Amino acid sequence: MATVTAFRNSGIKALLDTYDPEPSFCELLSNGAMPDPLLTRLWNRLQQFEASDLDARAKDAERELQMLGITFTVYTDRTAIDRILPFDVIPRTISAKDWRHLETGIRQRVKALNMFIWDVYHDGHILNDGTIPQELVLGNSNFQEAMVDYDPPAGTYVHISGTDLIRDNHGEFFVLEDNSRTPSGVSYVVENRHMMQRAFPDLMDGFDIEPVSDYGVQLATKLGEVAPPVLTDAQIVLLSPGVFNSAYFEHIFLAREMGVPLVEGRDLFIEDDRVFMKTVAGPRPVHVIYRRLNDDFLDPEVFNKDSMLGVPGLMRAVRKGNVTLANAVGTGIADDKAVYAYVPRMIRYYLDEEPILPNVETHICREPSALAYTLDNIEKLVVKPVGESGGYGICVGPKATKTELEECRARLKKKPEEYIAQPMINLSVSPTLVETGVEPRHVDLRPFAITGEETWVLPGGLTRVALPKGSIVVNSSQGGGTKDTWVLKGDSA
Amino acid sequence: MTSNLLSRHAECYFWLARYLERAESLARILEAQTSFQRSGNPNNSWAWIVALYSDQENFAKKFSEPTAQNVINYYVTWLDNPSSIQSCVRAARENARALRPLISSDVWMQINDFYSRVIGLTESDFSENRLSRSCDSIKRGCYAQIGVAESTLYRDEGWPFFRLGLFIERADQTSRLLDVQFAKSATGNLNDLTMEEHARLWNVLLRSASAYHAFRRVHPRGFNPADIAHFLVFDRRLPRSLSFCAAAIQRMVNQLRTEFRLRNAQRALEHVDKFQADLQDKAKNGDLIEQLHDTNDWVQRELIDLSAELGVAFFGAEIEELEAAAPAREEPDESTARLSRSQGQSQIQSQMRS
């Protein structure tokens, strides 16, 4: 606990003097570690701010976000209510060393996931030799028949991915979830940074922070790498469900940052298995579609017949190799809750490497030893159904009643293959401005990776913070906000 | 150069400007009416405004009498009137939202600010004492919006569509305003006006087009209706005259054809050229006042046809829609003009309601 004391002894009584993250791991204090000179500098810098000044600037920042329309939109009968995602002005920090670790780990994971998807839609080795249960993948609702034997450029299926990471009380990073379909949130990463640069130049001054503003350029470059071979520059478009989608702001952001048209399904049509967009100069060919539309809605000829948002015939164009979809259809088999448990095995299987970023310890109850362990330790574990039922049926051991535990045991014995079990993990914290001053609040991290021929990882990522005291739920629907995420350049201890 | 402007976005530019101009014109007319009202004629009713926009039927669905407050409510705050000021500003903002990937942040922030002010206006802001001030604030909001567009929008093909929407709507509004005589006689109280009140009415029309002082400079002596009507229709230097608008429309369509090389502009260009020529011919012909109502009908028909042509050429409207708009030749009024709104716009409207 050297660090807290060291900071406290700096002699200044100020903003963070009553800040106490114990027992959680604090992102700024790095509990137990040697004090990091850069983080110490940031701590001392924060100490010079008055809470009232921080608060006033935070309110200005939120007003600005509102004016800029960096919002989720909630529509009612007569009005459109634009809500901003709460923004906390105290940044979350990541050291250069930690970032190198995360970056390599994410690259490794994305590579294995892409190889896994290719394998599943081609030879199915990993299923045939029993490394991953066949029915788990082929019986999954995200498995898409239309993708069998399709060869995506560069073998890449997951072009854009978000990896949800958490840190335990010792500061070790774990992967909580892979997002391999249409992960969102990257717009907040960039906009939060811009906001900090406008509102807190005095806090940022002198810190060398990895930039995030070239995300759009990187994205356009990587998507260009996976375009079908064409004579001229590939035409990239961003396909959005439209203005009434709650993530419409992000779609705008991405289209603007890449400088490409933001299209809806009705702007596109297929002729001779090629994709065209309707412009004032007539039809223009389209080669790469970054789609922010779920598989089901993409093509009424193949998927949901009632979809008005998609483009009839799109999958024909994909299979002919005339257009590339990012992400590819059918990637949901790789970010399923049950498949998640097997990702470390995938990494060993395809890459012959040990996973750099561990999963949260997961007991796959379809395996007898895991089932036995789960039944014996049920009061310490979180038992989750692997099906598609979402949060339904989760049993949080430490919080459950005796009856609930017994019911859970019964369900497990009946259909063990439908469950996984994980230990309760406390999330790390970051100092956060709340009404009473600065207090620890739990955070997670979602770095974004873009893959064309190779993978590039945006330094940092989206830090979500659970604003209610003690809460570990970072989702925006349940009081979650965001923070700017600083990857600090230069080495420290 | 090759164009990547989506047809849907071109249409949004067009309607963004139309809705803004429509809101501004309504504010102008309501403001002008209050000053006319204050001039003390007890017979002066507000019914003519409803007649001006051929809104009698829709108005009657909600209100029984065209009292000042009812007319104001109908045209300012009633969202079931798609042409009320609040509906217009809201629709303008929804078009801007669809255009958000293309427009400057300045335009977007301005319209968010404007929208929140306009939507926050309530009945009390339009009481007799505050109506003029509120209308003025709406007008200034529209000016700021057009100004920030002028200052910051990138001048690709979207720009001519924005300007086309602006000037087509303005021409339509000016021709409606010029038809006030007709609208007034249709509501039956024109004959009650004295000569003096008649002159005052024309005075109000001039002022509502921000044209009073310009008219005075051109006509230092005299104040007769024929000169005023002629000024509002044919003066090429008055930004709200029909001739000025027609010339601007012609320039924009020409720009689409020549600078942006859009082949589809050819038919609209021929149409605009003919419209412009016919309008100039009318300048040479005798008694404008006598023919004013017919002229206005003709102008409005031409604008509806032109909009429909732009729809087919650029916005992805089907040919059938153009033909469906044809009955408008019989009785051009606001309801048929609304029908000519293309699918995309009706979608924006209906989605906002659902």
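Helices here are DSSP runs of H or I with at least four residues, and strands are runs of E with at least two. The legends below describe a predicted model.

**Figure 1. Chain B is built with 18 helices and zero strands.** Chain B has 354 residues, and 49% of these are buried.

**Figure 2. The largest nonpolar core holds 235 residues.** Leu16(B), Ala23(B) and Ile85(B) are the members that touch the most other members of this core. The element that gives the most to the core is α1(B), with 15 residues. In the close-up, Leu16(B) is shown with residues that it touches beyond four places away in sequence. These are Ala92(B), Asn95(B), Ala96(B), Leu99(B), Phe162(B) and Gly165(B).

**Figure 3. Chain A and chain B touch through 19 residues of chain A and 23 residues of chain B.** On the side of chain B that touches chain A, the elements giving two or more residues are α1 (7-38), α5 (85-99) and α6 (105-119) of chain B. The largest share of that side comes from α6(B), which gives five residues. By class, the side of chain B that touches chain A has ten nonpolar, eight polar and five charged residues.

**Figure 4. Gln280(B) sits in helix α14 of chain B, residues 265-284.** Is Gln280(B) buried or partly exposed? A residue counts as buried with 20 or more other C-beta atoms within 10 Å of its own, as exposed with 12 or fewer, and as partly exposed in between. Gln280(B) has 13 such atoms within 10 Å, so this residue is partly exposed.

**Figure 5. Chain A is divided into three domains: domain 1 (2-98 + 189-206 + 445-487), domain 2 (107-161 + 211-351) and domain 3 (363-423).** The view takes in domain 1 and domain 2 of chain A, whose C-alpha centres lie 32 Å apart. Where they meet, 21 residues of domain 1 of chain A are in contact with 23 residues of domain 2 of chain A. On the domain 1 side of this contact, β1 (71-75), α7 (186-199), β19 (448-451) and β20 (455-457) of chain A are the elements that give two or more residues. That side of domain 1 of chain A consists of twelve nonpolar, seven polar and two charged residues.

**Figure 6. Four strands of chain A form an open sheet with parallel pairing, in the order β7-β6-β11-β12.** The edges are β7 (262-263) and β12 (324-326) of chain A; each has a single partner strand, so one side of each is left without a neighbour in the sheet. Four bridges pair β6(A) with β11(A) in the parallel sense. One residue of this pair is Ile236(A), whose bridge partner in β11(A) is Val288(A). On to β12(A), strand β11 (residues 288-291) of chain A runs parallel and is joined by three bridges. Here Val288(A) stands opposite Thr324(A) in β12(A), and Tyr290(A) has Ala326(A) as its bridge partner in β12(A).

**Figure 7. The residues of β11(A) point in two directions, and helix α10 of chain A lies across the strands.** Val288(A) and Tyr290(A) point one way from β11(A), whereas Ile289(A) and Arg291(A) point the other way. All four of these residues are buried. Helix α10 (residues 248-258) of chain A lies across β6 (236-239), β7 and β11 of chain A. The helix runs at about 170 degrees to β6(A).

**Figure 8. A three-stranded open sheet of chain A has the order β8-β9-β10 and antiparallel pairing.** Which strands stand at its edges? They are β8 (268-271) and β10 (282-286) of chain A, each of which pairs on one side only. Neighbouring strands of this sheet are turned by 40 degrees against each other on average, direction ignored. Strand β9 (residues 274-279) of chain A is antiparallel to β10(A) and pairs with it over five bridges. Thr279(A) has Gly282(A), in β10(A), opposite it.

Definitions and conventions
Residues numbered from 1 in each chain as written. Chains lettered and ligands numbered in written order. Predicted model: local features only at pLDDT ≥ 70, side-chain atom pairs only at ≥ 80, totals over all residues. Contact = placed C-beta atoms within 7 Å. Nonpolar A, V, L, I, M, F, W, Y, C, P; charged D, E, K, R; others polar. Pairing = 2+ DSSP bridges. Axes fitted to C-alpha atoms, helices over the stretch in contact; angles between N-to-C directions. Domains from an automatic or database assignment. Core = buried A, V, L, I, M, F, W, Y, C linked by C-beta atoms within 7 Å.
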